[in-house]
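Please look over the model below before reading on. My points follow in numbered form.

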Amino acid sequence: MSEPDRDPPPELFDNDGSYICDSCGEEIVIPLDPVAGHSQTFVEDCPVCCNPSVIHVDWEGAEARVWAESEQDRF
Ligand SMILES: [Zn+2]
């Protein structure tokens, strides 16, 4: 008998992730919200250089993949 696919228990999810700021190159650690969706995109101002970055969070099981792109690149 095989178990049906299910999400890992909440305690296994990453609580935070980090991205490299596209503007200043600093590694920025941000809190993550696993319940906000498997694929998240939001804009966050870098706490070091104050430039906005578009943050992408993709959940692969209980692990989050986080990366950033410069907001200006979209225009
Ligand atoms: Zn920065």
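1. Burial terms first. Buried means under 20% relative accessible area, exposed means over 50%, and partly exposed lies in between (1.4 Å probe, protein chains only). By that scale S53 is buried, at a relative accessible area of 0%. S53 sits in strand β4. Strands here are DSSP runs of E with at least two residues, helices are runs of H or I with at least four, and both are numbered from the N terminus.

2. Basis of the values. This is a predicted model, in which local features need pLDDT of at least 70, side-chain atom pairs count only at pLDDT 80 or more, and totals for chains, interfaces and linings use all residues. Residues are numbered from 1 along each chain as its sequence is written, and side-chain values use heavy atoms, with hydrogens and water left out.

3. Overall make-up. The protein chain has five strands and zero helices. Its elements run β-β-β-β-β from the N terminus on. Of its 75 residues, 28% are buried. The accessible surface is about 5300 Å², and carbon and sulfur atoms hold 47% of that. Accessible areas come from the Shrake-Rupley method with a 1.4 Å probe; for residues, only the protein chains shown count as cover.

4. The sheet. Three strands form an open sheet in the order β3-β4-β5, with antiparallel pairing. Strands β3 and β5 stand at the edges with a single partner strand each, so one side of each has no neighbour in the sheet. Neighbouring strands of this sheet are turned by 25 degrees against each other on average, direction ignored. The axes behind that angle are lines fitted to C-alpha atoms, for helices over the stretch in contact, and angles run from 0 to 180 degrees between N-to-C directions. Two strands pair if DSSP finds at least two bridges between them.

5. Strand β4 in detail. Which strand is mostly covered? Strand β4, residues 52-60, has eight of its nine residues buried. Seven bridges join β4 to β3 (residues 39-45), and the two run antiparallel. S39 has D58 as its bridge partner in β4. F42 has I55. On the other flank, eight bridges join β4 to β5 (residues 63-70), again antiparallel. There, E60 has E63 as its bridge partner in β5.

6. Two turns to check. β3 and β4 form a hairpin with six residues between them. C50 lies in that loop. Its phi is near 70 degrees, a positive value in a residue other than glycine. At 56% relative accessibility, C50 is exposed. β4 and β5 form a hairpin with two residues between them, and G61 in the turn has a positive phi of about 65 degrees.

7. The zinc site. C21, C24, C46 and C49 coordinate the zinc ion through their SG atoms, at 2.3 Å. The four donor atoms subtend angles of 105 to 114 degrees, so the arrangement is tetrahedral. Donors are N, O and S atoms within 2.8 Å of the metal (3.2 Å for Na, K and Ca); water is not among the atoms, so sites may look incomplete. Four donors count as tetrahedral if all angles lie between 85 and 135 degrees. Along the chain the donors follow the spacing C-x2-C-x21-C-x2-C. C24 is in the loop between β1 (16-20) and β2 (27-31), and C49 is in the loop between β3 and β4, so the pair ties together parts 25 residues apart in sequence. C24 is partly exposed at 32% relative accessible area. C49 is also partly exposed, at 25%.

8. Contact means heavy atoms within 4.5 Å. Leaving aside neighbours within four places in sequence, S53 is in contact with Y19, C21, D22, F42, V43, E44, A68, E69 and E71. W59 is in strand β4 too. At 7% relative accessibility, W59 is buried.

9. Links across the sequence. D7 and G61 are 54 residues apart in sequence and 6.8 Å apart in space, C-alpha to C-alpha. D7 is in the segment before β1. At 54% relative accessibility, D7 is exposed.

Methods:
Four donors count as tetrahedral if all angles lie between 85 and 135 degrees; four count as square planar and six as octahedral if opposite donors are over 155 degrees apart and all others between 65 and 115; anything else is irregular.
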